[in-house]
Amino acid sequence: MTTVLEERKVEVTPEIKKEIICLVGSVKQEEDWRRWVALLTSQGYIVFEAGLYGAVGDNISQVTWDRVTEVHHGKILRSHVVGVIRKRDSTIGTNTSDDIDFARRNGKMIAKVESIAYHGIFNDW
């Protein structure tokens, strides 16, 4: 069985993998998050995602954003690997950079999400 993401075919493995991946990236790109969550889950990974999508001021209050950030940092602490979803122009924003710094300070492996999904590489950031 295969699944397609960005016009690439990836074999789906039936076993559950031991790695827990916490995704970080721009929550303004919910569609990208959903595709990566579906692909990594179909490969057998346990995946933590943002849980709330949008931007402060648009549909999220600052109080809610701060609470969600605290919860997301808890997910990072419980994960083995942090997978970075870059913006479509291949950059990352300030909040993503802060999440990466938090993960690094806590000894987490950090990799581009495509390195994890397509190559099984967990530490390339």
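Q: Is Ser79 buried or exposed?
A: Ser79 is buried, with a relative accessible area of 2%, where buried means under 20% relative accessible area, exposed over 50% and partly exposed in between, for a 1.4 Å probe and protein chains only. This is a predicted model, in which local features need pLDDT of at least 70 and side-chain atom pairs count only at pLDDT 80 or more, while totals for chains, interfaces and linings use all residues. Residues are numbered from 1 along each chain as its sequence is written, and side-chain values use heavy atoms, with hydrogens and water left out.

Q: Where is Ser79 placed, then?
A: Ser79 belongs to the loop between α2 and β5; helices (H or I, at least four residues) and strands (E, at least two) are DSSP runs, numbered from the N terminus.

Q: And what is Ser79 in contact with?
A: Leaving aside neighbours within four places in sequence, Ser79 is in contact (heavy atoms within 4.5 Å) with Ile20, Ile21, Cys22, Phe48 and Lys108.

Q: Switching to the sheet, what order do the strands have?
A: The order is β4-β3-β5-β6 in an open sheet of four strands with parallel pairing, where two strands pair if DSSP finds at least two bridges between them. The edge strands, each pairing on one side only, are β4 (46–48) and β6 (109–112).

Q: How many bridges join β5 and β6?
A: Strand β5 (residues 81–85) pairs with β6 over four bridges in the parallel sense, and Val84 stands opposite Lys112 in β6.

Q: Which strands does α3 touch?
A: Helix α3 (residues 94–105) packs on the sheet and touches β3, β5 and β6, its direction making about 145° with that of β3; axes here are lines fitted to C-alpha atoms, for helices over the stretch in contact, and angles run from 0 to 180 degrees between N-to-C directions.

Q: New topic: how many aromatic pairs does a search of the whole structure find?
A: The search finds three aromatic pairs, counting rings of Phe, Tyr and Trp (its six-membered ring) whose centres lie within 6.5 Å, with planes under 30 degrees apart taken as stacked, over 60 as edge-to-face and the rest as tilted. One of them is the edge-to-face pair of Tyr45 and Phe122, at 6.1 Å centre to centre and 80° between the planes.

Q: Which parts does the pair tie together?
A: Tyr45 lies in the loop between α1 and β4 and Phe122 in the segment after α4 (113–119), so the pair ties together parts 77 residues apart in sequence. Both Tyr45 and Phe122 are buried.
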